[in-house]
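Hello,

Here is the structure you are taking over. My notes on what was found in it follow below.

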Amino acid sequence: MAILSLQNISVAFGGPLILDNVNLQIEQGERICLVGRNGAGKSTLINLINNKIKPDSGDIFRKPGLRMGTLSQEVPQHLNGKIIEVVSSGLESILSKDLQGAWEIQPRVEKIITRLNLPPDAEFQTLSAGMKRRVLLAKALAEGPDLLLLDEPTNHMDILSIELMENFLLQYRKALLFVSHDRVFLEKLATRIIEIDRGCLTSWACGYNAYLAGKRALIESEEEHDRQFDKKISKEEVWIRKGIKARRTRDEGRVRTLMKMREEKQARREQTGRVRMQAREADRSGKLVLEAKNVTYQYDDRPIIKAFSTTILRGDKVGVMGPNGCGKTTLIQVLLKELEPSEGHLRLGSRVECAYFDQTREQLDPEKTVIENVTGGGDFLIIDGKSRHAVGYLKEFLFAPDQMRSPVKTLSGGEKNRLLLARLFMKPSNLLVLDEPTNDLDAETLELLEELLLNYQGNVLLVSHDRAFLNNLVTSILVFEGNGRITEYIGGYDDWLKQKPKDEKKSPAKPGKHHKKNPKPKPESSKKLTYRESRELETIPSLIESLEQEHAALFGRMSEPSFYKKESTEIAGAKERLGSIEIELEKTYKRWETLEAMKENSS
């Protein structure tokens with residue numbers, strides 16, 4: 001049974017409809033990811049559901065007594081108190097309605113604080129932006145919502161916090177509707193994808209990767225339909241211009257059809273254009289781009305960076321990773337010689353031209369217009385030594401003319417980041433330094449940025465908590481490992497997971513006088529294969545091949561747009577089978593490795 005239903009909802013804010021006669025039902029236990037371009041209407045839909053705004057038309061039905069909790073994109077500026085006080089705040093209304101529930105609230109608050117690994121007595125205002133968002137998530141959860149609404153929950157969170165939240169939400173048994181462009185996060189969590197595109201909602205009963213495949217096929221189908229339609233209407237326009245023949249009685253039906261086709265084409269809403277980013281590359285730097293030897297930086301006698309050494313050569317793309325507040329931005333500033341190290345030696349190579357993306361957006365003046373922020377005043381800017389009108393350049397970054405004359409403070413987070421990228425790529429460079437560039441960007445713009453950086457011939461120094469971005473882009477990662485220690489690992493995020501030291505904090509308990517130390521068990525791989533295990537080993541390759549063929553065939557079916565027009569039970573069954581195959585494949589591969597190791601060690 002639906003806990004919330006939207007029926008024939010329309011909303012506009014003076015321009016084209018943000019939501020055009022849309023329908024949506026949310027069932028108990030669903031985890032729905034809301035996707036769409038920046039400005040498509042995702043936050044509008046959340047505000048409608050949360051009763052913060054009213055629709056222009058249509059009805060919203062909520063289950064009686066439905067509780068909703070919300071985590072918005074912005075952190076409230078004037079929220080004070082200890083973490084436990086902030087998490088507990090806002091529960092007065094629940095207590096006034098249900099005094100009997102008062103006994104349950106304090107244990108619930110303490111349990112949530114513990115599970116989200118929050119220090120209850122820390123002052124909220126002293127926390128990093130990512131930690132503040134974790135506290136606000138705990139506050140929303142403490143209210144016991146039946147429907148949890150999360151708007152970009154991973155923004156400003158470090159990877160540890162994101163994974164902590166993932167694990168918590170995977171066990172959350174109520175309904176969840178969230179907006180996220182973190183591809184790993186939404187692939188792990190989403191059981192359904194809802195897309196907002198040109199005022200319409202489309203539901204995809206699948207995970208994110210299957211949605212992407214289906215979306216690509218749907219776009220190709222739509223483009224082909226539009227081509228055929230435009231070809232037909234062009235032919236009819238030629239016919240009607242022939243004059244008197246088109247006015248004969250027997251042709252009146254054809255004329256009416258053309259009139260309808262004209263109306264249909266006029267009403268057609270084209271897809272939002274793609275950002276056209278182009279990095280202007282300076283002449284090649286020398287082979288050595290940057291060298292650090294035993295660099296130490298201290299703040300109030302506390303080592304932020306301790307005895308750090310690295311060498312960055314031409315072509316390297318280096319990621320920087322670590323908990324919030326550990327000193328990632330400080331490391332960038334030290335390496336760029338914006339901060340003086342306490343000890344050690346730094347050297348920038350020859351012909352290094354740096355362009356810097358600042359996550360705090362201090363390079364933007366919020367009171368000045370978008371155009372003024374790229375030109376410094378006037379309407380023209382210099383790119384590649386030539387004068388160019390700012391309007392044409394900013395259109396490439398999807399800014400509308402009215403936005404260009406508006407102050408920067410009116411822009412959304414994603415729009416501000418696009419403006420920073422527009423400023424960044426005006427300047428020729430061979431070293432791009434990017435501090436959290438992916439926050440608030442929609443998935444398509446993020447992937448375009450990723451593609452641009454992959455093709456960039458210079459060096460990239462990147463601070464990011466986006467695991468997919470790190471995996472796809474960097475050649476090595478600098479990881480903060482506590483007490484100012486920074487270690488370099490080859491490869492991306494997944495490669496770091498394989499290489500990182502094991503957690504040695506949990507040491508085995510020392511045996512007391514009533515406990516005997518158990519003898520070390522003989523590893524399974526040293527055992528000799530039994531006849532049954534030998535036969536099992538022989539059959540595993542064919543079993544894997546069969547499972548992979550079934551997986552490929554099923555995934556191909558689910559990638560077709562027509563698949564999602566089938567009955568919901570058939571869609572759910574296919575998705576469940578796909579998941580079962582993946583689990584079975586993983587177990588079979590592990591079993592194969594175990595048996596092969598046993599065979600090798602026994603020979």
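The protein has 19 helices and 20 strands. Both are DSSP runs numbered from the N terminus: helices are H or I with at least four residues, strands are E with at least two. This is a predicted model, in which local features need pLDDT of at least 70, side-chain atom pairs count only at pLDDT 80 or more, and totals for chains, interfaces and linings use all residues. Residues are numbered from 1 along each chain as its sequence is written, and side-chain values use heavy atoms, with hydrogens and water left out.

Of the 603 residues, 44% count as buried. Buried means under 20% relative accessible area, exposed over 50%, and partly exposed in between (1.4 Å probe, protein chains only). Among contacts with a separation of 6 or more, 69% come from residues 24 or more positions apart. A contact is a pair of heavy atoms within 4.5 Å.

**A sheet and its helix**

Start with an open sheet of three strands, in the order β11-β10-β13. The pairing is antiparallel. Two strands pair if DSSP finds at least two bridges between them. At the edges sit β11 (302-313) and β13 (343-348), each pairing on one side only. From one strand to the next, the twist averages 15°.

Strand β10 (residues 288-299) is joined to β11 by eight bridges. Tyr-297 has Ile-305 in β11 as its bridge partner. Glu-291 has Thr-311 in β11 as its partner. β10 and β11 form a hairpin with two residues between them. In the turn, Asp-300 has a positive phi of about 55°.

Helix α10 (residues 328-335) lies across β10, β11 and β13. The helix runs at about 55° to β11. Axes here are lines fitted to C-alpha atoms, for helices over the stretch in contact, and angles run from 0 to 180 degrees between N-to-C directions. Six of the eight residues of α10 are buried, so the helix is largely enclosed by the rest of the structure. Among them are Leu-331, Ile-332 and Val-334, and also Lys-328. Just after α10, Lys-337 takes a positive phi of about 65°.

Two cavities of 30 Å³ or more turn up in a search of the whole structure. On a 1 Å grid over the protein atoms alone, a cavity is a set of points where a 1.4 Å probe fits but cannot get out; a pocket is an open set with protein on both sides within 12 Å along at least five of seven lines; lining residues have an atom within 4 Å of a point. Grid points are joined across faces, edges and corners, and a volume is the space filled by probe spheres set on the points.

The largest cavity has a volume of about 150 Å³. It is lined by 17 residues, and the closest to its centre are Thr-154, Asn-155, Thr-438, Asn-439 and Asp-466. By class, four of the lining residues are nonpolar, eight polar and five charged. Ala, Val, Leu, Ile, Met, Phe, Trp, Tyr, Cys and Pro count as nonpolar, Asp, Glu, Lys and Arg as charged, and the others, Gly among them, as polar.

The second largest pocket holds about 940 Å³ of space. Of its 28 lining residues, Leu-160, Pro-323, Phe-480, Trp-496 and Lys-500 are the closest to the centre. α6 gives the most to this lining, with five residues.

Best wishes
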